[in-house]
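Hi,

Here is the structure we talked about. Please open it first, then read the notes below.

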Amino acid sequence: MNIRSHSSQPVIGYIIVVIALAGMICYSLLFWDDMPAQVITRQAAGRHGASAVPRGVSAAAMPATLLVCTLLLMLMPLWNRLVGSTPLRPGPDQRQQTRIWTAILAMLSALLLTLHIGITDMCTGRGPQFPQLAAYGMAVTLIGLAAITAILRVRAHRAIVLGLALGGALVAALAHGLPRAAMTVGTVIMLGGIAAATLLPQLRNDGGRR
């Protein structure tokens with residue numbers, strides 16, 4: 001029983017998280033001296049004055065977010081037992097569920113590592129601009145969602161996976177030159193993919209009943 005529970009843990013996902021956290025820490029230490037002691041934010045359209053954010057907060061924001069998300073995932077089986085909630089999908093296969101959580105952890109690690117690099121570079125004034133890195137993060141999210149959809153094998157999953165993967169490639173191609181357009185396109189594709197994955201099975205079921 002304990003062996004089965006242990007094997008269902010997304011160990012590879014946890015390893016990816018550790019690598020991402022190590023990368024964030026190394027990147028912060030590498031450019032720590034170049035970061036100002038306090039990051040002064042811009043005045044928000046005259047609604048309030050500028051705010052001072054310590055560099056420690058800027059450096060720790062994304063690693064802390066990744067740690068919290070990982071801890072919540074690790075505690076989810078315990079929470080499900082306590083509240084008697086249903087699993088991710090009816091009658092999930094343990095191996096399939098492990099692959100899903102591994103894909104989620106890999107996606108979060110890549111996304112938050114990208115954003116961490118963007119925040120650090122924004123503070124030091126070096127490297128790519130933050131909007132460009134955020135657009136690359138959107139591309140990573142779309143490709144991650146494509147992988148999760150492929151694992152879940154929802155109705156019409158091949159078309160959804162193809163759309164999300166091609167959307168991720170398109171966003172990555174637009175990220176450098178047109179980051180804002182890339183974010184807009186990525187948001188539309190992501191919402192469309194989520195809507196399709198949610199609504200298509202329901203529509204097919206309703207059609208079959210008729």
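**What turned up**

In the protein chain, 70% of the contacts with a separation of 6 or more are between residues 24 or more positions apart. Keep in mind that this is a predicted model.

Start with the overall layout. The protein chain has seven helices and two strands. Along the sequence, the pattern reads α-α-β-β-α-α-α-α-α. Of the 210 residues in the protein chain, 33% are buried.

Next, look at two helices. α2 covers residues 11-30, and α4 covers residues 94-124. How are α2 and α4 oriented to each other? Their packing angle is about 5°, and their axes lie 8 Å apart. Angles under 35 degrees count as roughly parallel, so α2 and α4 are roughly parallel to each other.

Which residues meet between them? On the α2 side, they include I12, Y14, I16, V17 and M24. On the α4 side, they include T102, L105, L112, H116 and I117.

Finally, find I19, which sits in α2. Is I19 buried or exposed? Its relative accessible area is 57%. Exposed means over 50%, so I19 is exposed. I19 also belongs to a nonpolar patch on the surface, formed with V11 and I15. Together V11, I15 and I19 have about 270 Å² of accessible area.

Best wishes

Note on methods
Residues are numbered from 1 along each chain as its sequence is written. This is a predicted model: local features need pLDDT of at least 70, side-chain atom pairs count only at pLDDT 80 or more; totals for chains, interfaces and linings use all residues. Side-chain values use heavy atoms; hydrogens and water are left out. Patches are made of residues with over 30% relative accessible area and no salt bridge: like charges are joined within 9 Å, nonpolar side chains (Val, Leu, Ile, Met, Phe, Trp, Tyr) within 5 Å. Accessible areas come from the Shrake-Rupley method with a 1.4 Å probe; for residues, only the protein chains shown count as cover. A salt bridge is a side-chain nitrogen of Lys or Arg within 4 Å of a carboxyl oxygen of Asp or Glu. Helices (H or I, at least four residues) and strands (E, at least two) are DSSP runs, numbered from the N terminus. Buried means under 20% relative accessible area, exposed over 50%, partly exposed in between (1.4 Å probe, protein chains only). Axes are lines fitted to C-alpha atoms, for helices over the stretch in contact, and angles run from 0 to 180 degrees between N-to-C directions. Angles under 35 degrees count as roughly parallel, over 145 as roughly antiparallel, 65 to 115 as roughly perpendicular and the rest as oblique. Contact means heavy atoms within 4.5 Å.
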